[in-house]
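The questions below go through one structure step by step.

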Amino acid sequence: MIKRGDLYFPTKDFKKKAWLKDKKIYREAQKDPIKFWENLANELSWRKKWKKVFEHKPPYFKWFVAGKLNITENIFEKNSQGWEEIKNKTAIIWEPEPEKEKPIILTYQELFQRVNKLANGLKKLGVKKGDRVGIYLPMIPEVIISMLACARIGAVHTVVFSAFSSHALQIRLQDTEAKILITADGYYRRGQIINLKQAADEGIKETNVEKVLVVKRAGNQVSWDKNHDLWWHELVGKESDQCQPEIMDSEDPFFILYTSGSTGKPKGILHTCGGYTVQAKFTGKWIFDLKEDDILWCTSDVGWITGITYTAYSPLLNGVPTLFFEGAPDWPAPDRWAKIIEKHKVTTFYTAPTAIRMFEKYGTKVIEKYKFESLQLLGSVGEPIDESAWLWYFKEVGKERCPIVDTWWQTETGGILITSLPGIGPFKPAFTGLPFPGVKVEILNEKGKPCKENEAGNLVLLPPFAPGLLRGIYKNPQKYLETYWSQYGKKIYFTSDGAIIDKNGLIRIIGRVDDVIKMAGHRLSTGELEAAVNFHPDITECAVIGIPDEIKGEAPVVFIVYKGQKSVDEVKKEVIEHIKEEIGPIALPKEIYLVEDLPKTRSGKIMRRILKKLFTRATAKGEEEDKSSSPTDQELGDLSTLANPESVDELKKIIGKK
């Protein structure tokens, strides 16, 4: 990339080949966003065209009203590249965790046949259009096959992350009333076999699940109930590899994905067929600049929206191979991720800042033998990326030539809504970029007025909303209204994220609104503080929360994962001095804790609300009360999305000592 001041731009060579290379796309889309999305929708294959493009009855809206299609037709037999062109082309590349195992590579035709076989098998089990199917699978080929088979017959899939507990699975199965669960005997994680069937057996208790379809992956011993357990290979073995697609209305339910809630129960985010398909295809095509010979590796599990859209649907809609990996990117060695990129000649690598910082902490020596010559574009997702991690990613992985598309979006939006387009730019470390063409955003203060340049405010979406935006919270219409449409009225979608905009129009996400600390009249994002703390060479990562303060209104509390040799007091002193230098004395923390780990989702998001509740409850008890009376899991909210729930118990002990 080319640097001009504090901005970066694509090279002439990249720009020349890019799908989009001229800013006029933004002007055209802004002039008539509805027409813009309609033109994109026209590039897909529809069984029946819509009667109306966009219908808005605040806060409810519809896209491509009365239009009919099936997403799998657009992936397979009616792919925009042409079926004859892609049927023998690679569709998925699966890399197992054990290095002695061979990858599985399926062409579009082979994938299509497997999808149809399972679709027919599900129909034999009584699955009909609109029925919900639970998918509790690791990152193996069958997880994408399951999603596509459900889509083929009009069943609504709900993917549950395989590392979630049986209780988390049970909550989702109960809420959706799923009658079928697809799972596996086990899978590999850091050299161990995880018995997934055992968790599934517990998870289906007190649910409507009638049949459990089990993939034989690890070959581990599992319990078996002939009344409801079925082996995948036995069900699909004799099925036809032809299955007619169910023709879906544009606004028919497509999938439900649960996202963590602050009050104990996760929210079932409902996405629909038409708008999601349009948005998934074109955000992937333009933001990752996907061409026929590209290979995309989005490191997200399909238990998260990033994986659903950019590991599964978007690359396949664009006719490119998608790579996915069963294991952890640093197992069995810190360079496993680099080895996979080189081995499969990945061109597009999309991962989380948490992973980037982990790679960075291992040091450049680990990857110095890798040239990453196949890479053409890098992406970041999941949380704001700090400048230090951005620059390391740019230099050490992208070799200062690959554009970095930092991306903002949510489970609710279905696809990326803010980023810099790779053939246009500009790119600025720690800034996400511009709204995607056809997307209208604003940054508002608490009174609903637009914020000035570099003034922090609330990021909102304005109509006409992107076609992939959620249509509701499953079975909870009141929660839908309260969460997204009550802060600024029913015509403005509240993202719950804070942001600023610079003189170039670039947007910087500064974290959740409840991650903004108001100190003595100043608004300070936890992201800014965390960037200052992460500057310390021996701090692996950190999290900052704001807590009430009698004098300042709020004050920061810092949690640090420290891997060095210095004493606690020395580390605290160094952190305080650096915060003074970077931000000023107003930002000095009230408390600093050194911890072993921070509570995180597997997509890499640090759960600051849990830290906040732990601290608030522990300190509110008072010295005279028993501090062992720490918050219950119910008080802490939804813990089912945590990758490391054991960290919560450790934090309770550490905070309780104060």
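Q: Is helix H8 largely enclosed by the rest of the structure or largely open?
A: This is a predicted model. Helix H8 spans residues 166–176, eleven residues in total, and eight of them are buried. Because of that count, helix H8 is largely enclosed.

Q: Which residues of H8 are buried?
A: A residue counts as buried when its relative accessible area is under 20%. In H8 that applies to Ala168, Leu169, Gln170, Ile171, Arg172, Leu173, Asp175 and Thr176.

Q: Which elements are included in what covers the buried residues of H8?
A: The cover includes both strands and a helix. The helix is H9 (196–203). The strands are E8 (132–135), E9 (156–159), E10 (180–184) and E16 (253–259).

Q: Which residue follows H8, and what is its phi?
A: The residue after H8 is Glu177. Its phi is positive, near 55 degrees.

Q: What is Tyr313 in contact with, leaving aside its neighbours within four places in sequence?
A: Contact requires heavy atoms within 4.5 Å. With those sequence neighbours left aside, Tyr313 is in contact with Ile71, Ile75, Met147, Leu148, Ala151, His157, Phe254, Tyr276 and Ile308.

Q: How many aromatic pairs does the structure hold, and what kind do Trp46 and Trp50 form?
A: The structure holds 47 aromatic pairs. In one of them, Trp46 and Trp50 lie 4.9 Å apart, centre to centre, with 80 degrees between the planes. Planes over 60 degrees apart count as edge-to-face, so the kind for Trp46 and Trp50 is edge-to-face.

Q: What kind of aromatic pair do Tyr370 and Phe372 form?
A: Their ring centres are 6.1 Å apart, with 20 degrees between the planes. Planes under 30 degrees apart count as stacked, so the pair of Tyr370 and Phe372 is stacked.

Q: Is Phe372 buried or exposed?
A: The cut-off for buried is under 20% relative accessible area. Phe372 has 0%, so it is buried.

Q: Which ring does the charged end of Lys49 sit over?
A: The charged end of Lys49 is 5.4 Å from the centre of a ring. That ring belongs to Trp50.

Methods:
Residues are numbered from 1 along each chain as its sequence is written. This is a predicted model: local features need pLDDT of at least 70, side-chain atom pairs count only at pLDDT 80 or more; totals for chains, interfaces and linings use all residues. Side-chain values use heavy atoms; hydrogens and water are left out. Buried means under 20% relative accessible area, exposed over 50%, partly exposed in between (1.4 Å probe, protein chains only). Helices (H or I, at least four residues) and strands (E, at least two) are DSSP runs, numbered from the N terminus. Rings of Phe, Tyr and Trp (its six-membered ring) pair if their centres lie within 6.5 Å; planes under 30 degrees apart count as stacked, over 60 as edge-to-face and the rest as tilted. A charge sits over a ring if NZ of Lys or CZ of Arg is within 6 Å of the ring centre and within 35 degrees of the ring normal.
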